[in-house]
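Please walk through this model with attention to its charged and aromatic side chains.

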Amino acid sequence: MITAENVKDLFDYRDGKLFWKETVNSRAVKGNEAGTENVHGYRQIGYRGKLYLTHRLIWLWHTGEWPEDKIDHKAHDKLDNSIDALRDVDHATNQINRKGPQKNNGTGVLGVREKRNRFIASYRSKDIGSFKTLEEAAVARALAEIADPAHLRTAL
């Protein structure tokens, strides 16, 4: 596994990007930005047969420690790996800071689902209430998010 010392030896960090300090092979050339964008839109770097997400390596570069759980891109920009744009969070918090609803969400509103001709608003895995209209449920969900001082989007 790559260590903080390895990362500092291999890369220079500038403006949220890692650059190779030395030429390692034909794809890893001194001075070039390290890594490529993966199918999920994150940058990744190959080192000794293993792929590492660039934002995790940048966290290691700055803190000297692997993240405890997930690295969250606070502003939802997967390619903004500047240390100020990243934070170490648990899985639940990372899920809450998603850009929008999941693809299988039938209402199109984050935290609102339809059940028996009613709209159920929920926040942090707890139901807030049942509403006649989607708009009422969406407002209730948004107010619950705003009222939570720990919510990442309200803390930016």
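E65, E68, D69 and D90 form a negative surface patch. Patch members have over 30% relative accessible area and no salt bridge, and like charges are joined within 9 Å. Asp and Glu count as negative, Lys and Arg as positive; His and the chain ends are not counted. Each charge is placed at NZ of Lys, CZ of Arg, CG of Asp or CD of Glu. Areas come from the Shrake-Rupley method with a 1.4 Å probe, and for residues only the protein chains shown count as cover. D69 sits in the loop between α2 (54-63) and β6 (70-73). Its relative accessibility is 31%, so D69 is partly exposed (buried is under 20%, exposed over 50%, partly exposed in between). Helices (H or I, at least four residues) and strands (E, at least two) are DSSP runs, numbered from the N terminus.

This is a predicted model: local features need pLDDT of at least 70, side-chain atom pairs count only at pLDDT 80 or more, and totals for chains, interfaces and linings use all residues. Residues are numbered from 1 along each chain as its sequence is written, and side-chain values use heavy atoms, with hydrogens and water left out.

Now the aromatic rings. The whole structure holds 3 aromatic pairs (rings of Phe, Tyr and Trp, the last by its six-membered ring, with centres within 6.5 Å; planes under 30 degrees apart are stacked, over 60 edge-to-face, the rest tilted). One of them joins F11 and W20: the centres are 4.7 Å apart and the planes at 45°, so this pair is tilted. F11 and W20 are both buried. Another joins Y52 and W66, with centres 6.0 Å apart and planes at 25°, so this pair is stacked. Y52 belongs to strand β5 (residues 50-53) and W66 to the loop between α2 and β6, 14 residues apart. Y52 is buried at 6% relative accessibility, while W66 is partly exposed at 26%.

R124 pairs with D148 at 2.8 Å between the closest N and O atoms. R124 lies in the loop between β9 (118-123) and β10, and D148 in the segment after α4 (134-147), so the bridge ties parts 24 residues apart in sequence. R124 is partly exposed at 36%; D148 is buried at 14%.

Methods. Patches are made of residues with over 30% relative accessible area and no salt bridge: like charges are joined within 9 Å, nonpolar side chains (Val, Leu, Ile, Met, Phe, Trp, Tyr) within 5 Å. A salt bridge is a side-chain nitrogen of Lys or Arg within 4 Å of a carboxyl oxygen of Asp or Glu. Buried means under 20% relative accessible area, exposed over 50%, partly exposed in between (1.4 Å probe, protein chains only).
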